[in-house]
Amino acid sequence: TKLRVGLLFGGRSGEHEVSISSARAIARALTTEQNTGKYEILPFYIQKDGRWLAGDVPQQVLESGTPLQLPTTSNEQLSVAKTQILSRWQSPSQVAEVDVWFPVLHGPNGEDGTIQGLLTLMQVPFVGSGVLGSAVGMDKIAMKTAFAQAGLPQVKYKALNRAQVWSNPCVFPKLCDEIEATLGYPCFVKPANLGSSVGIAKVRSPQELEAALDNAASYDRRIIVEAGVVARELECAVLGNDSPKASIVGEITYASDFYDYETKYTERKADLLIPAPISPAVTRQIQEMALQAFIAVDAAGLARVDFFYVEATGEIFINEINTLPGFTATSMYPLLWAHSGVSFPELVDRLIQLALERHSAFS
Ligand code: ADP
Ligand code: MG
Ligand code: MG
């Protein structure tokens, strides 16, 4: 009998469309020739307004690859949506049929441990990191604390919260002065819990710093400011549970100022070089650090670990870990594995097996 895979995609984040593309690629790979007879897909689509759908509509979204067009939601509709979420999950018909879940959601409410907590409570296996790994991997401040503890080199940074940024006008300038003195310009201001470069600004002056902090605070209670480095951007894919393996290393190149949202999602604005043109020694260091980072945040299944490589000095800084990286046919994560000898269909098959292994080890 076929294993029924609950494919959970869409979501309320800015990465809704990416999620749909990733889910399509994964659905195709799970039912491709190489995996014939193994899997049946049960699609679950989370609309942009947060409503959950099972059955025909998700199937249509998967097939067409386009989000469901919705009228703008009023507050009243939103509260209806919340009750619907609950009733979906209390309706055993759709949900109870799933043997293993595959969350293909990026960003808050998908990659951050919330969904993982729900699935843990349901006592069903699911692909990827659990609550801890997802939450630590999502929050850039918690992530950096874990990396520091593991001895991984990072750029200088300062953690802030919204209350400090929106504090009274006498305190705020002091905060900005302190950031300027310790981190200098350019620095990067980031909301701690987003992805896809949403809310991130590269700042070069006190005026820009104030504006960027204010903007980041509108996205998140937690904010991080980092010293900017001029560096190449390298990425490494990790696969496994307690004995994870690292892929070959890839590089992202682009002409823009930094790897911002537009560069990430506009075709031809960024190039992926696989393998990255770097020495075997740098490759080995990156792979070793990627595995340390994976273990440091307690990731499971999969993660993509991103680095800054300052060629002139040979320094390597870890930038971040992404526990549910982009998974489209042209995304770095599956491409790194394809070039490391694990095809896309084999990769999704391995991820499901890892989910089952992890679940049986815990229950
Ligand atoms: P996200 O999780 O949204 O991808 P990142 O922390 O990876 O956020 O930042 C997005 C991009 O911003 C990076 O890929 C890089 O191009 C640029 N960037 C971020 N932090 C720095 C930094 N400290 N120095 C130089 N560039 C940075
Ligand atoms: Mg990220
Ligand atoms: Mg990033």
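Helices (H or I, at least four residues) and strands (E, at least two) are DSSP runs, numbered from the N terminus. In these terms, Gln123 sits in the loop between helix 5 (114-121) and helix 6 (131-138). This is a predicted model: local features need pLDDT of at least 70, side-chain atom pairs count only at pLDDT 80 or more, and totals for chains, interfaces and linings use all residues. Residues are numbered from 1 along each chain as its sequence is written, chains are lettered from A and ligands numbered from 1 in the order in which they are written, and side-chain values use heavy atoms, with hydrogens and water left out.

**Backbone geometry**

- Most residues other than glycine have a negative phi, and most peptide bonds are trans.
- The Tyr185 to Pro186 peptide bond is cis, with omega near -5°. Pro186 belongs to the loop between helix 9 (171-183) and strand 6 (187-191).
- A cis peptide bond also runs from Ile274 to Pro275, with omega near -5°. Pro275 is in the loop between strand 11 (270-273) and helix 12 (280-296).
- Gln123 is not a glycine, yet its phi is positive, near 60°. Gln123 is exposed, at 64% relative accessible area (exposed means over 50%, buried under 20%, partly exposed in between, with a 1.4 Å probe and protein chains only).
- Ser197 is another non-glycine residue with a positive phi, about 65°. Ser197 lies in the loop between strand 6 and strand 7 (201-203). Ser197 is buried, with a relative accessible area of 10%.

**The shell around ligand 1**

- The shell holds 20 residues, each with a heavy atom within 4 Å of the ligand. The closest are Lys140, Lys190, Ser197, Glu233 and Lys264.
- By class, the shell has nine nonpolar, five polar and six charged residues. Ala, Val, Leu, Ile, Met, Phe, Trp, Tyr, Cys and Pro count as nonpolar, Asp, Glu, Lys and Arg as charged, and the others, Gly among them, as polar.

- Polar contacts here are pairs of N or O atoms within 3.5 Å.
- An N or O atom in the Lys140 side chain is 2.6 Å from an oxygen atom of ligand 1.
- A polar backbone atom of Tyr259 is 3.0 Å from an oxygen atom of ligand 1.
- Asn319 places a polar side-chain atom 2.9 Å from an oxygen atom of ligand 1.
- On its own, ligand 1 has 550 Å² of accessible area, and the protein covers 95% of that (Shrake-Rupley method, 1.4 Å probe).
- Strand 6, strand 8 (222-227) and strand 13 (315-322) are the elements that give two or more residues to the shell around ligand 1.

Note on methods
A polar contact is a pair of N or O atoms within 3.5 Å; within protein, one must be able to donate a hydrogen and the other to accept it, and residues adjacent in sequence count only if both atoms are side-chain atoms.
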